[in-house]
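Reader: I am new to reading structures. Please take me through the charged side chains here, one group at a time.

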Amino acid sequence: MADQKYTQLRSEEYGEETVSYGHLNNKGWSGALNIRCLTINMILFTSGVFVGILLGHARPQGASEQLTQYSMVPSPAFEAISSQPLILTHHELEGHGYTSPYQGFPTEETTERWMDLMDGYSIRVPSTSLDALNLESIPLNDGSGDVWVSMNVYHHLHCLDSIRHQIAGVRCSNPDGSTANHTDHYGMDEEHYFPPHIDHCIETLRKRLICQPDLGVRAIAWNPDKPGVAFANNTVDSACVNWVAVQDWTKKHSFSEEEKLITTPDGHTYIGPRTPPARCGE
């Protein structure tokens, strides 16, 4: 390689000494510089991508990112949980002896707890909040532009409450106000064993469970009291929305029969809405 002539120069902008190579028309030297620059750029780019991936994994998910499944179908109620991260909940459900305030025979006390759980069954939202769903709903008569809606979760709770009353055979109202006692007066053939509303509820809950399934796992263990018998540990962890926030939101947006905000098509005041009691029968 021919000798390269160079002189020391001062950088006019930074006052740094740089090396100025003589004509720099030697193809070998120019190629070496290009390879060197390319290598440095590749190293910097790869390092940047690697650091970005690390930071992406290390950064905790925001609430809205965690709740994407709930925001896929637009709902005005999403604002109730959009800023609330999912809560890791430990469910102590081991054994059949465990009881919660919602378990057991449907006494007046437990029934009241279920009705409180469904408080906010009917709510008011701006009619424009249904535009993205291409839905229309009954308008309120106060000129607010709000409409009457109900959230799916409260319908699901109502269905579950109806099933528990059907099983117990008590305090389960028919649409005509009479009381249904189990399935004694229904045909016992396979097609007509369940009352229609209970059949509807079971199918509704089945679809809901497989729509957004809980993919958590249960550990399996040997029963220490029964050799050779295995059982599933029902004490599990779940990622849950903040239910208190949901209830607070629905209560703020709920309205009652006493407000007389619904007018029927023929101009009369509608008697309602009310939180529906457990319903069996037709």
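Author: Start with the surface. Glu 108, Glu 109, Glu 112, Asp 116 and Asp 119 gather there in a patch of negative charge. Keep in mind that this is a predicted model. Take one member of the patch, Asp 116. It sits in helix α4, which covers residues 108-117. Asp 116 has a relative accessible area of 47%. Buried means under 20% and exposed means over 50%, so a value in between is called partly exposed. Asp 116 is therefore partly exposed.

Now turn to charges that are paired. The whole structure holds 5 salt bridges.

Look at helix α5, residues 152-168. Here Arg 164 forms a salt bridge with Asp 161. Their closest N and O atoms are 3.0 Å apart. Why can these two be about one helical turn apart? Because they are 3 residues apart in helix α5.

Go on to helix α6, residues 196-211. The side chains of Arg 206 and Glu 203 meet in a salt bridge, with 2.6 Å from N to O. Arg 206 and Glu 203 are also 3 residues apart in their helix, so about one helical turn separates them. Now check the accessibility. Arg 206 has a relative accessible area of 41%, so it is partly exposed. Glu 203 comes to 31%, so it also counts as partly exposed.

The next pair is Arg 274 and Glu 257, which form a salt bridge. The closest N and O atoms are 2.6 Å apart. Both residues lie in the segment after α7, so the pair ties together parts that are 17 residues apart in sequence. Arg 274 has 56% relative accessibility, so it counts as exposed.

Some salt bridges share partners. Through them, Arg 124, Asp 142 and Asp 146 join into one network.

Thr 250 is found in helix α7, residues 243-253. Is Thr 250 buried or exposed? Its relative accessibility is 0%, so Thr 250 counts as buried. Its side chain makes a polar contact with the side chain of Tyr 154, at 2.9 Å.

The negative patch lies on the surface.

How values were computed
Residues are numbered from 1 along each chain as its sequence is written. This is a predicted model: local features need pLDDT of at least 70, side-chain atom pairs count only at pLDDT 80 or more; totals for chains, interfaces and linings use all residues. Side-chain values use heavy atoms; hydrogens and water are left out. Patches are made of residues with over 30% relative accessible area and no salt bridge: like charges are joined within 9 Å, nonpolar side chains (Val, Leu, Ile, Met, Phe, Trp, Tyr) within 5 Å. Accessible areas come from the Shrake-Rupley method with a 1.4 Å probe; for residues, only the protein chains shown count as cover. A salt bridge is a side-chain nitrogen of Lys or Arg within 4 Å of a carboxyl oxygen of Asp or Glu. Lys and Arg count as positive and Asp and Glu as negative; His and the chain ends are not counted. The place of a charge is taken as NZ of Lys, CZ of Arg, CG of Asp or CD of Glu. Helices (H or I, at least four residues) and strands (E, at least two) are DSSP runs, numbered from the N terminus. Buried means under 20% relative accessible area, exposed over 50%, partly exposed in between (1.4 Å probe, protein chains only). A polar contact is a pair of N or O atoms within 3.5 Å; within protein, one must be able to donate a hydrogen and the other to accept it, and residues adjacent in sequence count only if both atoms are side-chain atoms.
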